[in-house]
Amino acid sequence: MKKIIGLIIIMALVVIMLSTYIKNQVDKSKAIDENAIGYEIDLEEEGLEKGQLAPDFTLKTLSGDTFKLSDLKGKKVVLNFWATWCPPCKIEMPHLQEYYDQYAKQENVEIVGINITYNKDSVKRVQQFVNSYELTFPILLMEEKGVDDLYQILTIPSTFMIDTEGRIQHHIVGPLDQKKLEEYVTNLN
């Protein structure tokens, strides 16, 4: 009887150890390399000024509804430009969704993804991407050039942090992980 109990305890310890190891490996695979994390761009150098009102636009959502940026005044906005073919965008999306699920409502934040669909993607491909990453924040379709020019997008992913008054506070080029996203959003009013 003692041998059986001893074996059960040993097996339980092995299972716990393996579970911990596997979880750590999965967490590592989701992490963005520190050297690959996005960096903030000096807004004055690119023509947009820190504190200026974010250029307003109206785009369609995947479901065909009309979305206007200025309707979000009073909320903190994370405005993310991305594409389905962009590897750093693919890395970033789970972090955006995780933040959205955990903190967006309580922190008064709206994450808005703008897919640069005029470039290479079809609406069907964008929908497949959204479904595969289980994205629930608004995804907008930029079917013609225009909004990317307003925001002077040269690299994706590009993310703008907009405060509750609708003013641009930060522009980050490259992928964000949840920790960096939290840091930027916390500093918005």
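Trainee: Which residue in S8 is the bridge partner of Ile162?

Mentor: The bridge partner of Ile162 in S8 is Ile168. Strands, like helices, are DSSP runs numbered from the N terminus, a helix being H or I with at least four residues and a strand E with at least two. This is a predicted model, in which local features need pLDDT of at least 70, side-chain atom pairs count only at pLDDT 80 or more, and totals for chains, interfaces and linings use all residues. Residues are numbered from 1 along each chain as its sequence is written, and side-chain values use heavy atoms, with hydrogens and water left out.

Trainee: How many bridges join S7 to S8, and do they run parallel or antiparallel?

Mentor: Five bridges join S7 to S8, and the strands run antiparallel. Two strands count as paired if DSSP finds at least two bridges between them. The hairpin of S7 and S8 has five residues between the strands, and Gly166 takes a positive phi near 85° there.

Trainee: And what about S4 and S7, how many bridges there?

Mentor: S4 and S7 also pair in the antiparallel sense, over five bridges. Val78 stands opposite Met161 of S7.

Trainee: How many residues of S7 are buried?

Mentor: Five of the five residues of S7, which spans 158–162, are buried. Buried means under 20% relative accessible area, exposed means over 50%, and partly exposed lies in between, using a 1.4 Å probe and protein chains only.

Trainee: Which residues of S7 are on each side?

Mentor: Ser158, Phe160 and Ile162 are on one side, with Thr159 and Met161 on the other, and both faces are covered. In a regular strand, side chains alternate between the two faces of the sheet.

Trainee: Moving to helices, which residues of H4 are buried?

Mentor: Val126, Phe129 and Val130 are buried in H4, residues 123–132. Viewed down the helix axis, the buried residues of H4 fall within an arc of 95°, so they line one face. The arc is that of the directions from the helix axis to the C-beta atoms.

Trainee: What covers the buried residues of H4, and which exposed residues sit on the face turned away?

Mentor: The cover includes strand S4 (76–82), helix H3 (87–107), strand S5 (109–115) and strand S6 (139–141). The face turned away from the buried side of H4 carries the exposed residues Lys124 and Ser132. Just after H4, Glu134 takes a positive phi of about 50°.

Trainee: New topic. How many disulfides does a search of the whole structure find?

Mentor: The search of the whole structure finds one disulfide, meaning a pair of cysteine sulfur atoms within 2.5 Å. Cys86 and Cys89 form the disulfide, with their sulfur atoms 2.4 Å apart. The link of Cys86 and Cys89 is right-handed, with 80° about the S-S bond. Both Cys86 and Cys89 are buried.

Trainee: And how many salt bridges?

Mentor: The whole structure holds three salt bridges, each a side-chain nitrogen of Lys or Arg within 4 Å of a carboxyl oxygen of Asp or Glu. Lys75 forms a salt bridge with Glu110, their closest N and O atoms being 3.7 Å apart. This pair links distant parts of the chain, 35 residues apart: Lys75 is in the loop between strand S3 (66–68) and S4, and Glu110 is in strand S5.

Trainee: Are Lys75 and Glu110 buried or partly exposed?

Mentor: Lys75 is partly exposed, at 29% relative accessible area, whereas Glu110 is buried at 10%.

Trainee: Where are Lys180 and Glu183?

Mentor: Lys180 and Glu183 are three residues apart in helix H6, which means about one helical turn separates them. Their side chains meet in a salt bridge at 3.4 Å, N to O. The side chains of Arg167 and Glu165 meet in a salt bridge at 3.7 Å, N to O.

Trainee: Which residue has its backbone nitrogen reached by the side chain of Asp177?

Mentor: The side chain of Asp177 reaches the backbone nitrogen of Lys180 at 2.8 Å. This is a polar contact, a pair of N or O atoms within 3.5 Å; within protein, one must be able to donate a hydrogen and the other to accept it, and residues adjacent in sequence count only if both atoms are side-chain atoms. Asp177 lies in the loop between strand S8 (168–173) and helix H6 (178–186), and Asp177 is buried at 16% relative accessibility.

Terms used. Contact means heavy atoms within 4.5 Å.
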